[in-house]
Number of protein chains: 2
Amino acid sequence: MRDVAIIGVGQKKVGEHWDVSLRHLALEALQAAMADAGVAQADALYVGNMLSGELTGQEHLGALIADFAGLRGIEAFKIEAACGSGAAAVRMGYVAVAGGLADIVAVVGVEKMTDTLGPDTTTALAMAADGDYEASQGVSFVALNALLMQRYMYEYGYRHQDFAAFAVNAHRNGANNPFAMFRFPVTAERFAKAKMICTPVNLLDSSPICDGAAAVVLAPADAAHALSTAPVRVAASAVGTDALAVHDRRDPLVLDGAVLSTRRAYEQAGVGPEDIDLFELHDAFSIMAALSLEAAGFADKGQGLRLALEGKIGIEDRIPIATMGGLKARGHPVGATGTYQIVEVVQQLRGLAGANQVKNARMGMAQNIGGSGATVITHILGRME
Amino acid sequence: MRDVAIIGVGQKKVGEHWDVSLRHLALEALQAAMADAGVAQADALYVGNMLSGELTGQEHLGALIADFAGLRGIEAFKIEAACGSGAAAVRMGYVAVAGGLADIVAVVGVEKMTDTLGPDTTTALAMAADGDYEASQGVSFVALNALLMQRYMYEYGYRHQDFAAFAVNAHRNGANNPFAMFRFPVTAERFAKAKMICTPVNLLDSSPICDGAAAVVLAPADAAHALSTAPVRVAASAVGTDALAVHDRRDPLVLDGAVLSTRRAYEQAGVGPEDIDLFELHDAFSIMAALSLEAAGFADKGQGLRLALEGKIGIEDRIPIATMGGLKARGHPVGATGTYQIVEVVQQLRGLAGANQVKNARMGMAQNIGGSGATVITHILGRME
């Protein structure tokens, strides 16, 4: 097994791109990543995407985007793991390069959620849950997260208003990220008055429906310095899974898939949570931020939210999260989110995160979650000396 | 890079399984393959599927099927490459095992095309074509194949009736395959009278809409004999791509993606067409059988159909194709087809193909095509001594 590096990254500003098609979104991110890497060819392209068929009437994105990007002929597939598709595609690229089956692999995560053919986007997103036992009962994703949030508040004695800390942090960071969808700060007062979506989840607990694409280029670490002036080492790439249906889980308030995925990643990298300088977690809803902090070992059970309340998640704090806005403020174009997270960790490790730069960031973790915890892909990235 | 072997195979009879859900289809094939391999666990599961979201309202099949099969926790993703999804998932499993990132990988291709939520299946299948430039013009897959067939007849002077040779061969073989959907022979006379679907493609030129699942278990070749009494060597696993839109191709009557994919496979295995004892090709429509024979080097341009007319494609002939019925008679549950093809080559190499056994079969090739030639995955399998 070879060490793997990221030699280029690219991203499209997240937003409602009514005038940009799926293939153009992907192209923009992919070309930026390949230009950053200084490569014009790749051995393979893996596309992370969840809903291209349902929302835009297009499957077969691998060959489509390869051809559109001038890479006709190369190996190219779409990888799907619900909202975890973006990092799943990076994982497949990592497997190909680490195993020596490919030298240069391009990965693009892309999702087009506006200007859709239908079904409505909420119905389409519910396909990440168990269709026979959850979605068929009318349970949408926001409803599932509302149930989890309510239970968390009940078990550990939190008030809804306590969750404001996550939204305030994410929006503060998003305001400084030119690729973020929401570039404005929010206050705890604004959180308290935000429109209720599905009690207790309000608008500022939720990530937006949006369009976006982000891309990375992978190469063997021993060739990375020759190819790139700022390569980043992939110290770990790991996956854990769990039941799709929340009622099938061992404990609805423990993300077992994330526990497994993180443990595998720590073992591969030979590190622990104390070594992680920033954590791009999957804050699709506030409750997911709390549960992710716990599953990844930054807080004990029921204490993830306390970490935020104690002011330990900001750029200069113990464990900076959502440093470029997270899913909440940068945005959550579902199949692209996992690649955005990895692009952002690379920016931090390169020292290019601008006003959001985590000082002396040497190791960052990105964790992308499919569904409400059924697929969890964790990447730990480190500076290359 | 390690050599890889297939240590177990399983399949569900192809048909209209109105009473069997997607997850149950997958489970049946997967359990059969794991029982055949004699393993109860796997390091990863890759699911080949094209249309679970569109037709059954379920994405996120990786974790869903892993959990349902008792494999909760393992790495699991869905791999999509239109009708090439089944072999694309096998390719990803091959990459993981060959590269040393996993030891035991289970792969299941599954498609549920009856009892669907909608859109109608023909519309869903058109998502394998270029949505903006083909499907949006109303071009369905049968229409695309009709255009190609018409052009082939015009360029090379064939009559439509000449294509009967493919249907007669496929149905003769399907009649003996207990897992085939259509278990009856057809005659050239019946072909001549078959209902016209889209001139010149008639009913017996076309593969059916159906449900099915097939699975394989992969392991390192050096461990295969310890695990299985009848392992089969993966001599090559290769991919080639082309433009989705037929009008963007260099020549509509040359499957450049298949030429690339086959050439890469021959190079990896160190063999040529003369070494292949049987060829499971992607005969979704008769014209695809002709073009595949040409792209894979068994016939010159325009001569693929002549091979069939000269009686060279039967079980005892020069290059047996569709030996268990092919897409035409075994059936074409799109995302499962690629795994069925590989299962069938394994049956032949193990000497377990019954009345359809190719005598002394030592090396077989399976070629799975996404769309009308945009993604082509080729596997060459060989007996292990």
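Student: Which residue with a positive phi follows helix 4 of chain A?

Tutor: Welcome! This is a predicted model, and helix 4 of chain A takes in residues 85-98. Beyond that helix comes a residue whose phi is positive, near 85°. That residue is A:G100.

Student: How many residues of helix 4 of chain A are buried?

Tutor: A residue counts as buried when its relative accessible area is under 20%. Helix 4 of chain A is largely enclosed by the rest of the structure, because its buried residues number 14 of the 14.

Student: What distance separates the end C-alpha atoms of that helix, helix 4 of chain A?

Tutor: Let's begin with what to expect: at 1.5 Å a residue, the 14 residues of the helix should span 20 Å. The model agrees with this, since the end C-alpha atoms of helix 4 are apart by 20 Å.

Student: What is the radius of gyration of chain A as a whole?

Tutor: Chain A has 14 helices and eleven strands, and its C-alpha atoms fill a box of roughly 55 × 45 × 40 Å along the principal axes. For 385 residues, a compact globule would have a radius of gyration near 21 Å. The value for chain A agrees with that: 19 Å.

Student: What share of the residues in chain A is buried?

Tutor: Let's look at the contacts and the surface too. Among contacts in chain A between residues at least 6 apart in sequence, 77% join residues at least 24 apart. The accessible surface of the chain is about 11900 Å², with 51% of it belonging to carbon and sulfur atoms. Of the 385 residues in chain A, the buried share is 70%.

Student: How much area is buried between chain A and chain B?

Tutor: In this pairing, 57 residues of chain A are in contact with 57 residues of chain B. The copies meet through the same surface, because 100% of the interface residues of chain A are also interface residues in chain B. Carbon and sulfur atoms give 56% of the buried area, which totals about 4400 Å².

Student: Which residues of chain A lose the most area to chain B?

Tutor: Three residues lead here, and together they give 17% of what that side buries. They are A:H60, A:F77 and A:L101.

Student: Over in chain B, which residue takes a positive phi just after helix 6?

Tutor: Helix 6 of chain B covers residues 141-156, and its buried residues include B:F141, B:L144 and B:Y152. Among the elements covering those buried residues are helix 5, helix 11 and helix 12 of chain B. Just after helix 6, a phi of about 75° is found at B:G157.

Student: Is B:D162 buried or exposed?

Tutor: B:D162 sits in the loop between helix 6 and helix 7 of chain B. Leaving aside neighbours within four places in sequence, this residue is in contact with B:L305 and B:L309. With a relative accessibility of 10%, B:D162 counts as buried.

Methods. Residues numbered from 1 in each chain as written. Chains lettered and ligands numbered in written order. Predicted model: local features only at pLDDT ≥ 70, side-chain atom pairs only at ≥ 80, totals over all residues. Heavy atoms only, no water. Helix = DSSP H or I, 4+ residues; strand = E, 2+ residues; numbered from the N terminus. Expected span 1.5 Å × (residues − 1). Buried < 20%, exposed > 50% of the residue type's maximum accessible area, 1.4 Å probe, protein only. Contact = heavy atoms within 4.5 Å. Rg over C-alpha atoms; globule rule 2.2 N^0.38 Å. Areas by Shrake-Rupley, 256 points an atom, 1.4 Å probe, with all protein chains shown as cover. Buried area = accessible area lost by both parts, 1.4 Å probe.
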